[in-house]
Amino acid sequence: MASPQDFAALFARTLDLFRDPGAKEVQKAQFRMLAGLLKLQGVTLGVQDGRLMVNGTTLDGNTLAQRLEFHSVKEITIPADSPVAEVFELLRALAEQPGDEDIASRLKANGAKRIAVTMHTPVLEAEPPAIPVAPVRADTLLTLQGARPRAPVAPPAPPRGTAPKTPVTGEAEDVPDIVREANAAHAAFSPAAAATQTPAALIAQLGDRPDGPHVGDVLAILGRQLETAMKTNRVSQALAIVAGIARAEEQVSDATRRRQYSIALKRMYNKAFLESIAEVANHPSDRDDALLVLRRAGEDGVEVLLDLLVAAPTIEERRGIFMALTGMKEGTDQLVHMLGHHQWFVVRNVAELAGELGLEEAVPALAQQLAHEDERVRKAVALALAKIGSSGAAEPLRRALRDKSPEVRMQAALGVGRKSSALAMPLVAAMEEEEDEGVERELILALGRIGSASAVQALIKFAQPGGRLFGRRPAALRAMAVEALRLAATPAAIGTLEGLTDDGDKEVRAAAHSALADLKRK
């Protein structure tokens with residue numbers, strides 16, 4: 001059921017569009033939405049001390065209150081399932097300027113029977129008492145005037161060009177298109193019949209027509225079915241309902257219709273529901289729906305997802321949570337704060353996520369964890385800093401490349417990508433100090449992935465044979481530099497590869513020929 005605030009906003013918006021002659025199409029869509037809501041829910045609007053009252057709730061907004069006061073309307077009662085034509089006539093009357101006939105009289109004259117309007121009673125000055133006059137028969141008066149009695153006179157015809165008033169029955173030939181369309185939509189869709197359908201059938205209807213005229217009815221019914229599912233602990237069914245609504249919402253582009261979905265989902269999301277979804281989020285059959293629903297929940301969903309991340313025992317489960325959190329800006333502050341957690345595996349999981357998201361805001365907090373006593377944490381932090389790859393991450397990464405553990409240094413090299421040009425010089429400096437051959441190879445390949453001018457110049461130097469005796473580089477290391485030049489694929493890199501095709505070392509020559517052949521195929 002719509003809250004008083006939501007109903008007032010919808011009614012006021014519809015009324016504004018009725019006052020805009022150029023907004024016919026938007027007016028139709030808005031009117032159908034209002035009519036759909038009133039099909040299921042009645043409402044009482046009133047004004048008290050200049051403030052709007054909706055179903056007994058006083059609201060702060062006064063635009064609609066001013067309009068009601070402008071027409072001297074004290075209260076309007078619209079029962080549930082009122083005729084669409086009566087709602088249309090009420091809106092049209094409120095949109096126009098006050099005339100000789102007040103709104104209550106106008107609706108009554110046009111045949112409105114369900115909607116009731118109470119007008120403010122004007123306070124008039126007392127008139128002097130009339131002098132009693134004996135009634136005089138018409139034939140007597142005519143006889144006194146010397147004339148014959150006349151035949152009854154017919155009422156005057158309406159002025160030319162003025163159509164007679166048509167009762168608000170919804171059956172007249174001149175019913176406005178907007179009313180005819182709303183009537184047709186509701187005639188084809190019965191809320192009572194829809195309420196007997198299964199959630200799966202209703203979700204299928206939303207999927208087929210996510211912006212259909214009866215969306216409001218379907219969402220209201222699904223909301224009640226969700227409440228029942230939660231009360232009876234049918235979490236999978238509750239999840240399917242909300243996930244189906246969220247997927248239908250993604251297909252809607254109209255702002256007005258999307259607001260209708262947004263309002264419905266806002267009512268459905270609560271802490272108990274989110275906690276229940278968290279319990280099934282790692283079930284293979286429910287995971288996709290659960291992550292979709294939690295992602296749609298915004299900040300509240302982020303909090304639940306972070307709790308799941310803390311408890312996720314495998315990288316596969318963490319990867320699914322990563323996917324859900326990707327692009328969710330609401331959780332940035334919470335995520336950074338969790339890097340200071342007292343449990344090592346929490347810090348590791350969050351560091352991995354920060355790297356996956358490229359979260360530059362997390363660099364200072366990640367840098368603090370480079371001194372963590374657990375090597376598994378430092379490995380995750382080094383990898384995250386390399387993946388972020390910003391200029392701010394360069395200095396912390398230098399420290400990671402000097403870590404006592406080769407595994408930590410290896411992770412720092414493995415995480416470097418094409419967009420990490422700011423990390424080229426720290427990698428070159430680390431190459432001069434690195435003694436582990438495995439780490440050295442990964443540092444060379446990382447320079448190739450960066451592919452910047454400074455990175456390529458360093459690779460060209462590493463690819464050269466070096467001094468005659470003690471300064472000569474191992475052939476395996478030079479061949480690795482050739483592979484890195486292939487990854488860089490810049491003009492300078494390709495020129496160097498061409499020069500190395502007649503190198504004195506057989507392994508280097510073969511690597512250069514293979515690299516050039518591979519580049520030609522691309």
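I'll go through the salt bridges, then a charged surface patch.

Ground rules before that. This is a predicted model, where local features need pLDDT of at least 70, side-chain atom pairs count only at pLDDT 80 or more, and totals for chains, interfaces and linings use all residues. Residues are numbered from 1 along each chain as its sequence is written, and side-chain values use heavy atoms, with hydrogens and water left out.

How many salt bridges does a search of the whole structure find? The count is 15. The criterion is a side-chain nitrogen of Lys or Arg within 4 Å of a carboxyl oxygen of Asp or Glu.

Take Arg267 and Asp6. Their side chains meet in a salt bridge at 3.7 Å, N to O. Arg267 sits in helix H12, residues 255–268, and Asp6 in helix H1, residues 4–18, so this pair links parts of the chain 261 residues apart. Helices here are DSSP runs of H or I, at least four residues, numbered from the N terminus. Arg267 is partly exposed at 41% relative accessible area. Asp6 is partly exposed too, at 22%. For the cut-offs: buried is under 20% relative accessible area, exposed is over 50%, and partly exposed is in between, with a 1.4 Å probe and protein chains only.

Next, Glu89 and Arg106. The closest N and O atoms are 2.9 Å apart. Glu89 is in helix H4, residues 84–95, and Arg106 in helix H5, residues 103–109. The two are 17 residues apart. Buried or exposed? Glu89 is buried at 5%, and Arg106 is buried at 18%. This pair also belongs to a network of salt bridges that links Glu89, Arg92, Glu96 and Arg106.

Arg409 lies in helix H22, and Glu434 in the loop between helix H23 and helix H24, so the bridge ties together parts 25 residues apart in sequence. Both residues are buried.

Now the surface. There is a negative patch, and its members include Glu275, Glu299, Asp333 and Glu360. Patch residues have over 30% relative accessible area and no salt bridge, with like charges joined within 9 Å. Asp and Glu count as negative. Which element gives the most to the patch? Helix H15, with four residues. Glu303 is in that helix, and Glu303 is partly exposed, at 44% relative accessibility.

How values were computed:
Patches are made of residues with over 30% relative accessible area and no salt bridge: like charges are joined within 9 Å, nonpolar side chains (Val, Leu, Ile, Met, Phe, Trp, Tyr) within 5 Å. Accessible areas come from the Shrake-Rupley method with a 1.4 Å probe; for residues, only the protein chains shown count as cover. The place of a charge is taken as NZ of Lys, CZ of Arg, CG of Asp or CD of Glu.
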